[in-house]
Amino acid sequence: QVQLVESGGGSVQAGGSLRLSCAASGTTLSSKFMGWFRQAPGREREGVASIYTGSGSTTYAESVKGRFTISQDIAKNRVYLQMNSLKPEDTAMYYCAARDGVSWLVPPRTAQSYKYWGQGTQVTVSS
């Protein structure tokens, strides 16, 4: 059974940094799309970043480009999200997700295309 567990969330002031980690078990992360998503109260779930672990190709939402970096450590079966220059509008629950067997034709930050989800980790940025 595939399980994803996020960690690393917390409360920071604007301009600060956090590094989220997603640990996978029950599957290998090789040759999979992995995504980080976030959801704030009253808002739809947003795809923040994705990585195809087979090639390392990444995509980012415009709102986080230049501030967030998604990376992988296949040996540790982990995916990370480094978040710098955090803003209050980044406040949300952040989720890690995995999909496989889905074509690149389905945009990699499409939440509905992901089958496996973690429980989320809260990020709060104060001004």
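A disulfide is a pair of cysteine sulfur atoms within 2.5 Å. By this rule, the predicted model contains one disulfide. The bond joins C22 to C96, with an S to S distance of 2.0 Å. Distant parts of the chain are linked by this pair, since C22 belongs to strand 3 and C96 to strand 9 (residues 92-99), 74 residues apart. The torsion about the S-S bond of C22 and C96 is about -70°, and the disulfide is therefore left-handed. Buried residues are those under 20% relative accessible area. C22 has 0% relative accessibility and so counts as buried; C96, at 0% relative accessibility, therefore counts as buried as well.

Within strand 3, A24 is the bridge partner of L4. The side chains of strand 1 (residues 3-7) alternate along its length.

R67 is located between strand 6 (57-60) and strand 7 (68-73). With a relative accessibility of 10%, R67 counts as buried because this value is under 20%. A polar atom of the R67 side chain lies 2.8 Å from the backbone oxygen of S63. When neighbours within four places in sequence are left aside, R67 is in contact with Q82, M83, N84, S85, L86, K87 and D90.

Note on methods. Residues are numbered from 1 along each chain as its sequence is written. This is a predicted model: local features need pLDDT of at least 70, side-chain atom pairs count only at pLDDT 80 or more; totals for chains, interfaces and linings use all residues. Side-chain values use heavy atoms; hydrogens and water are left out. Buried means under 20% relative accessible area, exposed over 50%, partly exposed in between (1.4 Å probe, protein chains only). Helices (H or I, at least four residues) and strands (E, at least two) are DSSP runs, numbered from the N terminus. Two strands pair if DSSP finds at least two bridges between them. A polar contact is a pair of N or O atoms within 3.5 Å; within protein, one must be able to donate a hydrogen and the other to accept it, and residues adjacent in sequence count only if both atoms are side-chain atoms. Contact means heavy atoms within 4.5 Å.
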